[in-house]
Amino acid sequence: MPLPKSASPKYVTQAKTDEWGTPPVVLDFARYVLGANSLFDPCPKGGKSGLERRWGRHTYVNPPFSEKLVWIERAWLAVTKGESRLVLLHLPNSTETAWFIRAWKYAARIYFACPRINHLPQCGQSASQNTKGSVFFLFDGDNLVPPTNSPRKQVAWVRFNFRKGTWELHELD
C-alpha cells in the first residue's frame, strides 16, 4: 500500500526529480581522470538540453538517472565523432542491467565508487539518500574500444572521504 504524501515528504520530494548536484570531491576526481583543470558538464541543470548541445573536449556527465541508455549512447557518439576526447559518465551501479552492459562494452575504463555518493540537492530539494552505489565509465576518443562482450577492461575503484573532501584511487590487477 503506498504511503500518503503527507507521511513522507522527503521521499515524495526525491521522487519528483532525478536532477542532483555533484559533490565537490567527485568533481575533483573527475578533473584528475580527465586530466583537466576545468570540466564541461552538458547537463548541470535541466539535463535534456545536454543531449543536443555540443560537448567539450573533457566532459563530465552526471545525467538524469531516468535516461541512462540515451546518455551512454551520446557519450559514445561524442568520442567516436571527435567532439570530445574524454567523457566520464557517472551512473548508478547496476551491473545486472542492459544499460550497464552497454556502457561496459563501450568504456575504456570503469571506476566503481565507494561509499555511496549522496548527491547535492537542487532547487530546494531535500538531501539525496542514494540507495545504490555509483560507477564512472570513461569513454576515450584516443583509445576507442570496439563494443564487444570481452570482460577484459581496465577497472579500478575510488574511495571518497566526503568529510575530508579527499579521494583515493585503487587499481585492480
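A residue is called buried when its relative accessible area is under 20%, exposed when it is over 50%, and partly exposed in between (1.4 Å probe, protein chains only). The model is predicted, so local features need pLDDT of at least 70 and side-chain atom pairs count only at pLDDT 80 or more, while totals for chains, interfaces and linings use all residues. Residues are numbered from 1 along each chain as its sequence is written, and side-chain values use heavy atoms, without hydrogens and water.

**The whole chain.** Display the chain as a cartoon. It has five helices and six strands; helices (H or I, at least four residues) and strands (E, at least two) are DSSP runs, numbered from the N terminus. Of its 173 residues, 43% count as buried.

**Glutamate 83.** Select this residue next, in the loop between α4 (68-80) and β2 (86-92). Glutamate 83 has a relative accessible area of 16% and is therefore buried. Beyond its neighbours within four places in sequence, its contacts (heavy atoms within 4.5 Å) include Arg53, Trp55, Arg74 and Ala78. A polar atom of its side chain lies 2.4 Å from the backbone nitrogen of tryptophan 55.

**α4 and α5.** Now select α4 together with helix α5 (residues 98-106): the two pack at an angle of about 10°, with their axes 9 Å apart. Axes are lines fitted to C-alpha atoms over the stretch in contact, and angles run from 0 to 180 degrees between N-to-C directions. The helices are therefore roughly parallel, a term for angles under 35 degrees. Show side chains: Lys68, Leu69, Ile72, Glu73 and Trp76 in α4 meet Trp99, Arg102, Ala103 and Tyr106 in α5.

Technical notes: A polar contact is a pair of N or O atoms within 3.5 Å; within protein, one must be able to donate a hydrogen and the other to accept it, and residues adjacent in sequence count only if both atoms are side-chain atoms. Angles under 35 degrees count as roughly parallel, over 145 as roughly antiparallel, 65 to 115 as roughly perpendicular and the rest as oblique.
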